[in-house]
Amino acid sequence: MNAQRKVLRVGRRDPIIREDRVAIELPQRVLNAAMEAAKKSAAHYSALVDLGKAPYGDNSVERHYSGKIGEYGAHYLFGRVGVVIGREIQMDAVFMDDARDSECDLIVGDLRIEIKTWRPADYEHYGPCIAERQAVKLAKKCDVVVYGTYSHATNEFCLRGWNYVSDVDGIAPVLTGRPGKQVLNRIMQPRTITELPWIKHNA
């Protein structure tokens, strides 16, 4: 694969595939959908916060938006890659179905994907981390974990790396994060994003 670029920019929102990332500018409709989903998710979990049963320490809309932009962004990005390379992509947008909340985020072909998303600066500083409380559940819900970043300044969403769930096994958790907000995470050594099975075999 060309280390610099394989899918050329034809339009403003066509994906760019480089060796270390797959990037695209997200349109406003995708951002709006992610925000509405974030508001709905925050409202849903607010009742669990009151009961002390929420799965997230921070139940803010902003916290949920980070996750939703990853789900909606990845779905849009894979779809655009399919358009550019002229191949129909079989995708199951699991994240859009509230009844399947305990499953993976997205299925592309037969690959079950969990998406984790950060601000670019946080990803560069901390690297991809998987929360210990989530790591133990991954084997039941997905085949791979894909790491993404989203820039509010440019609306650029990037897939930066990934790991098989089996890669997560055996990684010892350590405390990471800003002072006062540290949590136990497994710090991963990501595989190159262009080696993600679907991208490798199709793009």
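Which residue in strand 10 does Val-174 stand opposite? Val-174 faces Asn-185 there, and we'll come back to that pair once the rest of the chain is laid out.

**Ground rules**

What you see is a predicted model, where local features need pLDDT of at least 70 and side-chain atom pairs count only at pLDDT 80 or more, while totals for chains, interfaces and linings use all residues. Residues are numbered from 1 along each chain as its sequence is written, and side-chain values use heavy atoms, with hydrogens and water left out.

**The chain as a whole**

The protein chain holds seven helices and 11 strands. Both kinds of element are DSSP runs numbered from the N terminus: helices are H or I with at least four residues, strands are E with at least two. Of its 203 residues, 44% count as buried. Buried here means under 20% relative accessible area, exposed means over 50%, and partly exposed is in between (1.4 Å probe, protein chains only).

The chain exposes about 10800 Å², and carbon and sulfur atoms supply 50% of that. Those areas come from the Shrake-Rupley method with a 1.4 Å probe, and for residues only the protein chains shown count as cover. As for contacts (heavy atoms within 4.5 Å), take those between residues at least 6 apart in sequence: 59% of them join residues at least 24 apart.

**What's inside**

A nonpolar core is a set of buried Ala, Val, Leu, Ile, Met, Phe, Trp, Tyr and Cys residues joined through side-chain atoms within 4.5 Å. The largest one has 35 residues, and those with the most contacts inside it include Phe-78, Val-146, Leu-159 and Ile-193. Among the elements that each supply at least two residues are strand 2 (22-25), helix 1 (28-50), strand 7, strand 8 and helix 7 (197-202). Helix 2 gives the largest share, eight residues. There is also a second, separate core of 14 residues, with Ala-135, Cys-142, Tyr-147 and Val-168 among them.

Leaving aside neighbours within four places in sequence, Ile-193 is in contact with residues including Val-22, Val-146, Leu-159, Trp-162 and Ile-199.

Back to helix 2 for a moment. (The expected span is 1.5 Å times one less than the number of residues.) Just after helix 2 comes Gly-86, with a positive phi of about 75 degrees.

Two strands pair if DSSP finds at least two bridges between them.

| Strands | Bridges |
|---|---|
| Strand 2 and strand 8 | Four bridges |
| Strand 7 and strand 8 | Seven bridges |
| Strand 8 and strand 11 (residues 191-192) | Two bridges |
| Strand 9 and strand 10 (residues 183-187) | Three bridges |
| Strand 6 and strand 10 | Three bridges |

Cys-158 in strand 8 stands opposite Ala-23, and Thr-149 stands opposite Cys-158 too. Further along, Trp-162 faces Arg-191 in strand 11.

Where does Asn-155 sit? Asn-155 lies in the loop between strand 7 (144-150) and strand 8 (156-164). That hairpin has five residues between the strands, and Asn-155 takes a positive phi near 65 degrees, a positive value in a residue other than glycine. At 21% relative accessibility, Asn-155 counts as partly exposed.

Now for Val-174's surroundings. An open sheet of three strands runs in the order 6-10-9, with antiparallel pairing. Strand 6 (129-131) and strand 9 (174-176) stand at the edges with a single partner strand each, so one side of each is left without a neighbour in the sheet. The twist averages 60 degrees from one strand to the next; the axes are lines fitted to C-alpha atoms, for helices over the stretch in contact, and angles run from 0 to 180 degrees between N-to-C directions.

Asn-185 in strand 10 is the bridge partner of Ala-131 and also stands opposite Val-174. Leu-175 faces Leu-184 in strand 10. In the hairpin of strand 9 and strand 10, with six residues between the strands, Gly-177 takes a positive phi near 115 degrees.
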